[in-house]
Amino acid sequence: MTKADIVSELFLDFNRDPYKNKSLVEHYVKRLADCDIVVLERVINELSNERDILPRCRDILSKCTAYKRKTETFENDEDCELCGNVGRIKGVFVGKTMVSSLNFLPEGDYCYAAIIGRCSCEAGNNWGSSTPFAEPSKMLYAYSKGKDMDCSLGAQFLVTEINRRKIECEQKAENNTSQSTQELREGLPF
Ligand SMILES: [Zn+2]
């Protein structure tokens, strides 16, 4: 997960299209260059839950500075297939609704992955007790298992896959419209 991914998710959380706001996303990534990526992810997750409007760079920066990284870290002895050893569980969303079908095709909004809670494994202890325990959805678990990935990585892949399908479907619809207009013109008797 890169900072650009984290910022893109933040935008999607506030219903802002990161593809259309690419330069703003890049601005955020540049401003947040010095933030520790683990701290940044936690801070952004908290801000997403607290706020109704997209937080500004300086809100994020000041929260990152205030956040003292815990000295104690918990690690897994064995790889965790639920969280990929990062300790947090992700869900795939459109708007505020969790996607529960692999064939889901969103209209309007893009899909995004968001943290829904902490994992029950050892690494989950790196997340504060204010974060509730969670499990990946059955759909995401089956999808990730099929791709031989942990569910955290699986969530990212599924988001990309659904959004790509959505874009392809929209392009196909556009092409069909222009084609039928063309046919209509050609078919005119004068
Ligand atoms: Zn885990």
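**A first walk through the structure**

1. The protein chain has six helices and three strands. Both kinds of element are DSSP runs numbered from the N terminus: H or I over at least four residues for helices, E over at least two for strands. This is a predicted model, in which local features need pLDDT of at least 70 and side-chain atom pairs count only at pLDDT 80 or more, while totals for chains, interfaces and linings use all residues. Residues are numbered from 1 along each chain as its sequence is written.

2. The C-alpha trace spans about 80 × 40 × 25 Å along its principal axes. Of the 190 residues, 30% are buried; that means 20 or more other C-beta atoms within 10 Å of the residue's own, with 12 or fewer counting as exposed, anything in between as partly exposed, and C-beta atoms placed from the backbone.

3. Next, the domains. The chain is divided into domain 1 (1–68) and domain 2 (85–190), with bounds that come from an automatic or database domain assignment. Their centres, taken over C-alpha atoms, are separated by 20 Å. Six residues of domain 1 are in contact with six residues of domain 2, where contact means C-beta atoms, placed from the backbone, within 7 Å. On the domain 1 side, helix 1 gives the largest share, three residues. That side divides into one nonpolar, two polar and three charged residues.

4. Now look inside. The largest nonpolar core has 36 residues, and C83, V92, C111 and V159 have the most contacts within it. Such a core is a set of buried Ala, Val, Leu, Ile, Met, Phe, Trp, Tyr and Cys residues joined through C-beta atoms within 7 Å. Helix 1 (3–13), helix 2 (22–31), helix 6 (151–186) and strand 1 (88–94) are among the elements that each supply at least two of its residues. Both domain 1 and domain 2 contribute at least three residues. Leaving aside neighbours within four places in sequence, V159 is in contact with V92, C111, Y112 and A113.

5. Helix 1 is worth a stop. Its buried residues are V7, S8, E9, L10, F11, L12 and D13, and what covers them includes helix 2, helix 3 and strand 3. N15, with a positive phi near 60°, follows this helix. In the segment before helix 1 you find M1, which counts as partly exposed because it has 14 C-beta neighbours inside 10 Å.

6. Helix 3 has 14 residues and reaches 20 Å from first C-alpha to last, close to the 20 Å expected at 1.5 Å a residue; the expected span is 1.5 Å times one less than the number of residues. L40, E41, R42, V43 and I44 are its buried residues, and they pack against helix 1 and helix 4 (57–66).

7. Three strands form an open sheet in the order 2-1-3, with antiparallel pairing; strands pair if DSSP finds at least two bridges between them. Strand 2 (97–98) and strand 3 stand at the edges with a single partner strand each, so one side of each has no neighbour in the sheet. Strand 1 and strand 2 pair over two bridges, and V94 stands opposite T97 in strand 2.

Terms used. Contact = placed C-beta atoms within 7 Å. Nonpolar A, V, L, I, M, F, W, Y, C, P; charged D, E, K, R; others polar.
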